[in-house]
Each structure stands twice: as structure tokens, then as C-alpha cells.
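Morning, everyone. I have one structure to show you today. Have a look at it first, then I'll talk.

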Amino acid sequence: MGRIYSIGGGKGGSGKSFIAASLGILLAKQGKSVVLVDLDLGASNLHTLLGQRIPQRGLDAFIDKTTKSLEDVALSTTIPNLHLISSTKCSLEIANLFYAQKLKVINAIKNLPFNYVILDLGPGINFNTLDFFLIATEGLFVATPEPTAIENTFIFIKSIYLRKLKLALKEANMWHICQEEVAKLSKGAVKSPLDLINILVEKNLENGTAFRDLLSGLKFSLILNKFRGQVAEDLGEQLVEVCNRHLYPGFDFLGNISYDSRVYESIIARNIFIQKYPYTKTVSDLQNMARRLAGAIQQPIQIKASK
Amino acid sequence: MTKKFNDLNYYELFKIPYNASSFEVRQAYKNILAIYEESSLATYALFAEDERKTILSKIEKAFSTLIDDEKRTAYDKRLVDVGEIPKDLLTAQERQKTIPLFQANTAVTKHNNLARIRKKIKEKGKGKLASALLNRDFISGQDLKNLRESLGIELEEVFEATKISPTALEAIERDDITNLPPKIYLKSFLKSYAEVLQLDAKQLVDGYVKNVEKR
Ligand SMILES: Nc1ncnc2c1ncn2[C@@H]1O[C@H](COP(=O)(O)OP(=O)(O)OP(=O)(O)O)[C@@H](O)[C@H]1O
Ligand SMILES: [Mg+2]
């Protein structure tokens, strides 16, 4: 089983699909087997970014049991080693998967036999999106340096942590205990996962520490896309600092990706940007990122105790 | 357990060691303010107005305490008394203010020190080694140290010129990841270091950070 990266971030149009496709291509060029999974059910467009027409088969065939194995619908692309599991044929109703279907898809994704599995997610924070995001061994959040995008990213990150925690608490049959506590906190809206964990630990609930460990095992990184000169260069590091301090420790900054108006033009012309314009700053940013992902050794985050 | 933000002591808030020099305090203050000030993108819509106010006033208080020798000593004592920091930590690590104020603040001393470094660089000619270093994709602390030593420049001289504490400088040169300052400070430290050795700051920062991150 390979590494699974999910690419999400709440805000629509921040460049998640462009980054998923580009990183997929760059990792495939390193000779690794890569599969891109389009999980923006109901609005998938990953094939367009690979310069392809609508694929004939995809996730729908796995969900409606036309095919037994998800691997069968990982179609090859024009790029050697790169495969695509599309979801263009998934009808809009399918965007609201049944729980059992969702579990089946999640399990199948976890067992895909590729070196890298890259999940492209849709905007928003519905449960499907959050649960798909959590399949990953490493979650990448894509934001752009604009106020609204950053606000949405914070919301998305909080939602991810709380979803994970809630699922774990439910599984341990403990959700009802802290539900009351959570409700007390700012009228039902938990401010941050750290608050929730602290409640558990303070109440001396047996498993408080276990849940903390569970969350600290998540590895998250932030990407700033559409980066332009006038933005403060260390914005990304500042954001990561803020996430680590106020949401939960365990964030890394993966880097900036420069804005280039030709990205848009390439998509319209069905050209693959990184192939057409390999010598741009945007591509070199993406290349650095792909190298870092390929080189990085997976290490669960250790929380440094303050005391 | 993970400390709540409100419970952080001033050093933890600023992410500086207990023996940080006043230069490091100032640098940390500048950086933390850039994160929490009202116009900051990094905390956009994250805090309610009063929450932000509380944080900012804590930052101000931390700064005015840490920058004032007397207040800081009293504060340290209180931290020891409540058991936040072990006593021997303070005595073992002399606070790194090094040169007395009257010296540190005279532009002349700083100028002389820099002039001495410049002269050494000129005499030895940093040429080949420096460009070999900068052309590398990954730059390690050891590379930096080698260059500095080949120019006959002492760590203390770099310290005097930059006011970055020797502890931080040593961690940088040893690639001692666990003791490196947080990344935002690290970058400004590396920039100062680059200026002293007359290197291209951007190349050095990029190469060093890349090298740290590859592990
Ligand atoms: N680095 C960049 N420079 C310039 N334009 C970019 C860049 N990255 C993405 N874009 C543009 O932003 C638009 C949205 O990109 P993309 O479809 O990848 O976003 P998305 O996050 O997947 O959106 P959605 O949430 O709708 O799935 C595209 O038109 C693309 O051309
Ligand atoms: Mg998309």
C-alpha cells in the first residue's frame, strides 16, 4: 500500500484540482505509479486538467457494482504511470452516497495498489468531503492568500479535526458524555479541537490522552496557491504557526505556488500546463513540492509537552 | 497536556529560550505582532474582537517585561517559584545579553566589529568556497561553519554583529533541528548571518531551509 494524499481546503476555486493533477504528473514522471481519484462527486473535472475528454468509466461502475474492483476503473492517461479514477459519470444523487457505499469506497481507496494515491476533493465541508479527506496518510490544505479563502481554510481544518474526533468518540461509545460539555461551550459550537481535548483530559476521562494521540497522528500540510509578489513571503509560515497554536499542533507549510495567468489559458485550450510551460516559476514551485512529498519520510507528529 | 494558549508563559508565547538575548526578544515580538495584529491575514476572522484584544495586550505585556532587565528577572523568579522552570535552568544558562549595554549600543563597536569581519573576508577572499556553497541545492549548517572558519571568523564575531544568541547560532551550524528557532525566526536569523558573511541572503535561506526540510 502506498501513500495517500488528500487535497482539500473548503474554498471553491482555490486550485485543488490543478494541484492534484500537477503533483500527480510530476510524481509519475519520477517513475512511481500514481492514481488520481476524483472525489468531487457531482462536479468532477480532473480529466479536463489532464487534457482529456470525459472518461468512459469511473467510480460509478464500482459503486453500482458493474465492476468488482476499484482498480479496474483506474484508467491510464496520456502520461506514463499516471492513472485516473474519474467520477464524471456519477449522477448528482450519488453525491449523497449511502453510508455503506461510502465505507466501501473508502476501503477500496485505502487498498489501491499504487505508490501514490492522490484524492481531489470538492469545496465545502459536507460529511462526504470530510470523510474522504480523512482517508489520507497526509492531508494537504490548499488556500489562496485572500481573506475569505483563509477564513474558509480555518473552518475546513477545524471541521476535519472535529469530525475525526467525533467519529473516534462515537466508536468508543463516549460521544454522549462530552456532547453535553460541548454544548456548554459557546452554545454548542466547539471553538477548536484543542478545547474539546482539554475538556476530555480535564474531566479525567480515561481516554482523553488516547484521543489526543489519535489527533496528533494526523499529518497535515498547508499549500498557498496563486501566490503573487505583493503578499508577505512568510504568510504560509505564519498560518501554520497559528494552526499549530490555536487549532491543533501537527501542521507543516509545504510552500507557495506562484500565480500564472497561463494556467487558465492552458485549461481552456486543454493543454497540460506543466508540460506546455515547464520553465515557469509556477512549475518549479510544484516541482519542489513533489520532490518534498516524494522525499519526506512519514513520521507521525510528536507533540512536545509544554510542561 | 498541551498547554492552552492562555496558559503559555511569556517565553512560550514568544517561542524563545529562557536565556534569549534582548535582540531575540525584539525579533520575536516583531514576528508575533505580525501574526496577531488586526490587519494580519494569518489570523483573518479567527478571533472575535475581544479575543484579539486580550491576545495583543498579553503580547505587549510580555514584551515590556522581557525587554526590561529588572522586570524580567522578577518574572523569571516567579516562574521558578511556581515551578514553571527549574531553578538550575536559569543559573546554568546565563542570559545572553553578553556585551554591556553601553557597548552594544554604540554604533562604533558594531561598526568596528563589522569592519574587522569585512577585512577578513577581503583578505582571505571568500570567492570560490562561497559560490560553491550557494550553488548547492541543499546548504547545511556544517557548510556554513566551514565557510566561516575558512574565513577565520569567530562565532562570537557573528554574534556581535547580528545579536543572535550563540545558542541559536550553534544550533544553526550544527543542523540541530530540535534546537533550531521556529521557522519564521530562523529565516530572519539566516538573513542576518548571510549579511555578515556577505552572501546572497535568499539563496542561503532557501538552501538551508530545503536542507532542513528534506529530513
Ligand atoms: N497557480 C495558479 N495560477 C493561476 N491560476 C490558477 C492557479 N491555480 C489554479 N488556477 C485557476 O483557478 C481556477 C480554479 O482551479 P481548480 O479548478 O483547480 O480549483 P478547485 O479548488 O479544484 O475548485 P473546486 O473547488 O471548484 O473544485 C482555474 O481556472 C485555474 O485556472
Ligand atoms: Mg476541483
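Ground rules. This is a predicted model: local features need pLDDT of at least 70, side-chain atom pairs count only at pLDDT 80 or more, and totals for chains, interfaces and linings use all residues. Residues are numbered from 1 along each chain as its sequence is written, chains are lettered from A and ligands numbered from 1 in written order, and side-chain values use heavy atoms, without hydrogens or water.

Interface first. Contact means heavy atoms within 4.5 Å. Chain B brings 30 residues to it and chain A brings 32. About 2,800 Å² is buried between them, with 58% from carbon and sulfur atoms. That area is the accessible area (1.4 Å probe) the two parts lose on being put together, summed over both.

Now salt bridges: a side-chain nitrogen of Lys or Arg within 4 Å of a carboxyl oxygen of Asp or Glu.

Which residue does A:Glu241 pair with? B:Lys15, with the closest N and O atoms 3.0 Å apart. The pair crosses between chains, from helix H10 (residues 235-247) of chain A to the loop between H1 and H2 of chain B. Helices here are DSSP runs (H or I, at least four residues), strands too (E, at least two), numbered from the N terminus.

Buried or exposed? Buried is under 20% relative accessible area, exposed over 50%, partly exposed in between (1.4 Å probe, protein chains only). A:Glu241 is buried at 13%. B:Lys15 is partly exposed at 36%.

Next, inside chain B. B:Lys120 and B:Glu157 form a salt bridge, closest N and O atoms 2.9 Å apart. B:Lys120 sits in helix H7 (residues 107-124) and B:Glu157 in helix H10 (residues 155-162) of chain B, so the pair ties together parts 37 residues apart in sequence. B:Glu157 is buried, at 6%.

Last, helix H4 (residues 99-110) of chain A. Its twelve residues should span 16 Å at 1.5 Å a residue, and the end C-alpha atoms are 17 Å apart, which agrees. The expected span is 1.5 Å times one less than the number of residues. Its buried residues are A:Lys102, A:Val105, A:Ile106, A:Ala108 and A:Ile109. The face turned away carries exposed A:Tyr99 and A:Ala100. Cover for the buried residues includes strand S1 (3-8) and helix H6 (147-171) of chain A.
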